[in-house]
Amino acid sequence: MDFWPQPAGPNGDWTLVTQNQVPTEFSVTTGKNILWKAELPEGGQSGITIWEDRIFLTVMKPIFEIEEGKGIKGADVLALCVDAKDGHIIWQRALKGSVNSEYMYGFSDSSTPGPVTDGKHVWFYNASGNLSCFDFDGNLIWDRTWKPVEELEGVHFPFNKQFEPYVVDNLVINMETYWKKDGHRTFGWNYLYAIDKSTGIQIWISEDGLTHYNTPFLSKTAEGKSAIMIGRGGHHGVPETPIGYSLIDVETGKRIWQYEADEGLALYNATWNKDYSVWYTESQNVVHIVDSKTGELQRKVSLTKNADVRSYDTSARKYIVQENVDIQKDLGLNVFPAWYSNIIVDDKLFFMCFKEGQYRKNIGPNYAIGRVNLKTGKVAYLEVPVHMDYKEGTKSYIWNTELTTETLNVRGLDVSNDKRSQRDGWHWNFNGNPIAVNGKIFFTTMLGVVYCINTSTNSFDESAFIGLNDLGPKGKTWSVNSPSFANGKLYHRTLMHLICIGEQ
């Protein structure tokens, strides 16, 4: 039986290999392979945690009316326990917060960190400052509160973040703010906090800090020791330094090593394994390969040189390939891996590419997914469709067209205050983290579409594009969420619905 005990999956690396088949084709619009769809009381951004017949997730506190001209903000979330058989809510509990976030903000909200479970208890998080432990019947065992950084010298915290918690042995790992005083000035750095899962007592604070932007990554060292990679560096003057990675011992919270980068920011999943870690540099056209044993830089891999680029010609209705090009010199483009879209499967790095837009010019390729062989350095890019239309039972793809979508909740209220939260997910927003099951990657964009990519093809050509699936009608579906997998079924969510996907 497969479980998904935390947003990053059973291994903490967003991947799973299982004997169960994973559904790769589905559509909420047509009903294909949709086992059930359940209405959510409000939108939210957390991952989906599954244990046997229980599903756990969080949503924002429900909004029933909107005062005209005022943005929707709130600090409270609802913790939900849902029946995996049909999607009905078994119980729900409120988690109070102390710092308001915007609803359905395209860069996260109070509900973003997902719940974690060990099969006996479940720990729910509110990024506005609450961590609560419940048993499976919904009884509160303990809770813990802290004060996140709210706004400091024009920097908005903590709702430009993609932190995800973990449960490791007897610990639950959270990100909390440690407040420091410097003369008359008080300021906060973020750290990992290890909490005894049974009592709520703090066990350690990590030796190094991490930016709220970073998604820590759990794995094991060459010696088999559990460790978490954390990163520092981001926009808007985040205070934690130095820019780069730290590998933190889960048992003690001590630093195993620290890597100080000369470029780049930490707005990515801090991917690593026992051999190497990958540091990302936004549009600097390289990734850094760091030795996971020592923290020393091994080499830098170019994202632009010797690249194969496959783009779709809508007139000819076929892919056109440009082989061994220098994307920067020959095409005039820089490659900007989309934030939090990075995942490693079998020594190959995959990511979505941000396209040119209001906030960054001369980047691309447009609407493309990138693959980097981390052993050979070979890079390839494959354009994928933006969405699809259904006419008379036939699906047709929409290519290279900028789209928008609605941010309406189940009561028909527009709960987003930021129009950037209504774009197509290919420029300047945080999509949900991808997952990989049996070598199939699932990328989700804000439009509520899910790409399925085969990681095992020799060439990164059209054979790697398994298909594009929808979580609801075009222009009326919104999601910045990650899917989860358990017992042969994918679980996903939108602003309005929780969805169970399986072969019918």
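Modeller: Let me start with Cys133, which is buried (under 20% relative accessible area, where over 50% is exposed and in between is partly exposed, with a 1.4 Å probe and protein chains only), as its relative accessible area is 1%. This is a predicted model, in which local features need pLDDT of at least 70 and side-chain atom pairs count only at pLDDT 80 or more, while totals for chains, interfaces and linings use all residues. Residues are numbered from 1 along each chain as its sequence is written, and side-chain values use heavy atoms, with hydrogens and water left out.

Colleague: And Cys81, is that buried or exposed?

Modeller: Cys81 is buried, with a relative accessible area of 0%.

Colleague: How many disulfides are there, then?

Modeller: The search of the whole structure finds 0 disulfides, a disulfide being a pair of cysteine sulfur atoms within 2.5 Å.

Colleague: Changing topic, how many cavities of 30 Å³ or more turn up?

Modeller: There are 2 of them in the whole structure. On a 1 Å grid over the protein atoms alone, a cavity is a set of points where a 1.4 Å probe fits but cannot get out, whereas a pocket is an open set with protein on both sides within 12 Å along at least five of seven lines, and lining residues have an atom within 4 Å of a point.

Colleague: What lines the largest cavity?

Modeller: The largest cavity holds about 90 Å³ of space, and among its 14 lining residues Ala127, Trp146, Lys161, Asn174 and Met175 lie nearest its centre. The largest share of that lining, 4 residues, comes from strand S16, which spans 171–182.

Colleague: And the second largest cavity, what is its volume?

Modeller: About 70 Å³ of space lies there, and its lining includes Gln45, Thr112, Glu164 and Asn481.

Colleague: What about the second largest pocket, which residues are closest to its centre?

Modeller: That pocket has a volume of about 310 Å³, and of the 19 residues lining the second largest pocket, Asp13, Thr15, Ile344, Val345 and Asp346 are the closest to its centre. Several strands each supply at least two residues of its lining, including S1 (15–16) and S28 (343–345).

Methods:
Grid points are joined across faces, edges and corners, and a volume is the space filled by probe spheres set on the points.
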